[in-house]
Amino acid sequence: MKILFVEPRYHTNQIGWINCLKQNNHEVIMHVVNKGKIEDYSNLKPEYIKPCTLSNLIMTYIGEGGTNKFRSFPNPLKYYIKIKNENPDLIIIRDINRYISIVAIFISRLLNKKIFIYSQTTINKKYSFLRLKFTNFLMKLLNSAWISPVRGNEDQYTKKPKHMYYLPFVVDIEMSNK
């Protein structure tokens with residue numbers, strides 16, 4: 001399976017996921033809008049996706065929107081062609097409200113690609129009636145699942161959106177005899 005990650009950057013807490021997917025013979029591609037200084041690119045070199053002119057104007061006059069260039073997004077037509085040519089089987093999109101994520105979701109739907117939304121939101125928490133209904137509607141509209149490595153309190157909060165799943169980070173732990 002060919003899997004495309006659309007991320008703000010290749011964070012070190014994803015190394016385990018990427019290594020596990022690759023060890024199980026999946027092809028992994030990653031598009032990022034920012035590169036950090038501490039990232040390990042030994043097993044995956046993410047591709048930097050250049051912001052388009054409109055994105056640069058927005059970031060210049062309004063600001064980047066916080067960490068990891070929240071408002072950065074590519075030219076939608078060029079990005080559509082890029083994703084179409086790469087032809088992933090699954091697209092995992094980080095943080096549904098980032099500008100590049102919105103573009104990637106729209107393109108994914110146009111290309112009829114299966115998508116997962118990935119965020120670090122707490123799954124088992126108190127949801128208002130409207131938020132629960134809206135999240136369920138959004139997942140149905142996108143024909144998607146939502147994954148997060150933050151479980152929350154399953155005993156206290158039993159109602160959660162449909163198709164929202166806990167997926168822990170994969171971490172190799174080396175223990176010494178001490």
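**Entry 1: helix 1 and its cover**

I looked up what covers the buried residues of helix 1 in this predicted model, and found that the cover includes strand 1, strand 2 (27–32) and strand 5. The buried residues of helix 1, which spans residues 15–23, are Gly-16, Trp-17, Ile-18 and Asn-19. Just after helix 1, I noted that Asn-25 has a positive phi of about 65°.

Seven of them form an open sheet with parallel pairing, in the order 3-2-1-4-5-7-9. Which strands stand at the edges? I found strand 3 (47–48) and strand 9 (164–166) there; each has a single partner strand, so one side of each lacks a neighbour in the sheet. As background, I recalled that strands of a sheet pair through backbone hydrogen bonds, either parallel or antiparallel.

Strand 4 and strand 5 are joined in the parallel sense over five bridges. In this region, Ile-92 stands opposite Phe-116 in strand 5.

How do helix 3 and helix 4 pack? Their axes are 10 Å apart, and the packing angle is about 55°. The two helices, helix 3 and helix 4, are therefore oblique to each other. On the helix 3 side, the contact is made by Pro-76, Tyr-79, Tyr-80 and Ile-83. Helix 4 contributes Ile-100, Val-103, Ala-104, Ile-107 and Leu-110 to this contact.

I turned last to the buried nonpolar residues. In soluble globular proteins, nonpolar side chains tend to be buried together. Here the largest nonpolar core has 28 residues, and Val-6, Tyr-79, Ile-93 and Ile-117 have the most contacts inside it. At least two residues of this core come from each of strand 1 (2–7), helix 3 (76–86), strand 4 (90–94), helix 4 (99–110), strand 5 (114–118) and helix 5 (129–142). Helix 4 supplies the largest share of this core, five residues.

A second, separate core has 13 residues, among them Tyr-10, Val-32, Tyr-118 and Ile-147.

I also listed the contacts of Val-6. Apart from neighbours within four places in sequence, Val-6 is in contact with His-31, Tyr-79, Ile-91, Ile-92, Ile-93, Arg-94, Ile-100 and Ala-104.

How values were computed: Residues numbered from 1 in each chain as written. Predicted model: local features only at pLDDT ≥ 70, side-chain atom pairs only at ≥ 80, totals over all residues. Heavy atoms only, no water. Core = buried A, V, L, I, M, F, W, Y, C linked by side-chain atoms within 4.5 Å. Buried < 20%, exposed > 50% of the residue type's maximum accessible area, 1.4 Å probe, protein only. Helix = DSSP H or I, 4+ residues; strand = E, 2+ residues; numbered from the N terminus. Contact = heavy atoms within 4.5 Å. Pairing = 2+ DSSP bridges. Axes fitted to C-alpha atoms, helices over the stretch in contact; angles between N-to-C directions. Parallel < 35°, antiparallel > 145°, perpendicular 65-115°, else oblique.
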